[in-house]
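Reader: Could you walk me through this chain, one question at a time?

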Amino acid sequence: DLRDAFAIAPSGLLVGDDTTAAGSVVSLRNGIFLSVAASLGPREIFIGCNKDDCNSYPDCRPEFLGAMGKSFWCGGVSCQVVAPLADRTQEDIVRDWDAMDLLLETVSCYRGTSCGECATCRLIAEARA
């Protein structure tokens, strides 16, 4: 449970503004998640950041993810951060997913329910339009 880590500097996402990308920014959210994951000792951590995320979320940018991998190495942890979707747009991902006829229920929903209203659910709906 990482809620206390995020309570220090709450964002719109944590206080109910999850309908816009700007409102959903949580500073260094991915840095915290990646650090906790790396402490468990994996050789690789896969993260689902995509090309569209880079505009609103600085901790989704390839430079940030690369720096995290370097910081792990500097800290004595041999763990690579892998972002296989980094060069793909949300539209690309959804289109390919739909072409494979797979059910896409995002775990990225900020409310945890595939609500259709939060920023992430709306991005997926826009990608399908």
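Reader: Which residue follows α5, and what is its phi?

Author: This is a predicted model, where local features need pLDDT of at least 70, side-chain atom pairs count only at pLDDT 80 or more, and totals for chains, interfaces and linings use all residues. Residues are numbered from 1 along each chain as its sequence is written, and side-chain values use heavy atoms, with hydrogens and water left out. Helices here are DSSP runs (H or I, at least four residues), as are strands (E, at least two), numbered from the N terminus. After α5 comes Asp-101, with a positive phi, near 60°.

Reader: How are α5 and α6 arranged relative to each other?

Author: Axes are lines fitted to C-alpha atoms, for helices over the stretch in contact, and angles run from 0 to 180 degrees between N-to-C directions. Helix α5 (residues 90-99) packs with helix α6 (residues 119-128) at about 70°, the axes being 8 Å apart. Angles of 65 to 115 degrees count as roughly perpendicular, so α5 and α6 are roughly perpendicular to each other.

Reader: Which residues of α5 make the contact with α6?

Author: Contact means heavy atoms within 4.5 Å. On the α6 side you'll find Leu-123, Ile-124, Ala-127 and Arg-128, and on the α5 side Gln-90, Glu-91, Val-94 and Asp-98.

Reader: And which residues of α5 are buried?

Author: Buried means under 20% relative accessible area (1.4 Å probe, protein chains only). The buried residues of α5 pack against α6, and they are Gln-90, Ile-93 and Val-94.

Note on methods:
Parallel < 35°, antiparallel > 145°, perpendicular 65-115°, else oblique. Buried < 20%, exposed > 50% of the residue type's maximum accessible area, 1.4 Å probe, protein only.
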